[in-house]
Amino acid sequence: MSGETSLLHGIKTLRSVRKFRQDPVADDVIRSILKAATRAASGSNTEPMLRAWLERLGSGPRMTGRMKEVYDDATEMLRNTEKVPAIIYCCIDLNRASKSEEVRYASILPAVQNLMLAAHAMGLGTCLTVHGSTPTRGEPEVKGILGIPDHVKIACLVYLGYPAVKLGPPKRKPLEQFTHYDGW
């Protein structure tokens, strides 16, 4: 998808991309995407990862079918992290953010969604991951490598680049299967 797209079309067609072309993403494009992220509402207006991932998969129940495909794709993406044109670390400054963890995430996650939609509208693919954002998924190592201070929490990472393959809209269950009106 190239150029800007309507918001609803963008929402309907946004999906995780795990395979990227090697083409670099221009700084001005990244800047535009980051500006879109800052427009989100916020409360109070304010290879170490691969090892953890593989250990997690090894300790979990055996997967089959579509879920195994997704995990296999994600594992391959982590193995090829150095080939991803850009990775955006979405962080929370704990000295400036709300003391409530719920408000912190309620503030940053809309910004991440804006970032992903803006990238999609500009013909880029994204993949949100929490690898590198928790103590058991490599956050201490990532913070050390990047020099991120202790008072900053990595909330998530967004892999960013031009898709290597053309993907159609994601399949979704009918709305009636997971919504309720006027009661459960």
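Q: Is strand E3 (residues 152–161) largely enclosed or open, and how many of its residues are buried?
A: Keep in mind that this is a predicted model, where local features need pLDDT of at least 70, side-chain atom pairs count only at pLDDT 80 or more, and totals for chains, interfaces and linings use all residues. Residues are numbered from 1 along each chain as its sequence is written, and side-chain values use heavy atoms, with hydrogens and water left out. Buried means under 20% relative accessible area with a 1.4 Å probe, protein chains only, and strands are DSSP runs of E with at least two residues, numbered from the N terminus. E3 is largely enclosed by the rest of the structure, because the buried count is 10 of the 10 residues.

Q: Which residue in E3 stands opposite Cys-90?
A: Two strands pair if DSSP finds at least two bridges between them. In E3, the residue opposite Cys-90 is Cys-156.

Q: What is the bridge partner of Thr-126 in E3?
A: E3 also pairs with strand E2 (residues 125–129), in the antiparallel sense over 5 bridges. Thr-126 has as its bridge partner Leu-160.

Q: How far apart are the end C-alpha atoms of H5?
A: The expected span of a helix is 1.5 Å times one less than its number of residues. H5 has 21 residues, so it should span 30 Å. The model agrees, with the end C-alpha atoms apart by 30 Å.

Q: At about what angle do H2 and H5 pack?
A: Ile-33, Leu-34, Ala-36 and Ala-37 in H2 meet H5 residues including Ala-111 and Leu-115, where contact means heavy atoms within 4.5 Å. Axes are lines fitted to C-alpha atoms, for helices over the stretch in contact, and angles run from 0 to 180 degrees between N-to-C directions. The two axes are 7 Å apart, and the packing angle is about 145°.

How values were computed: Buried < 20%, exposed > 50% of the residue type's maximum accessible area, 1.4 Å probe, protein only. Helix = DSSP H or I, 4+ residues; strand = E, 2+ residues; numbered from the N terminus.
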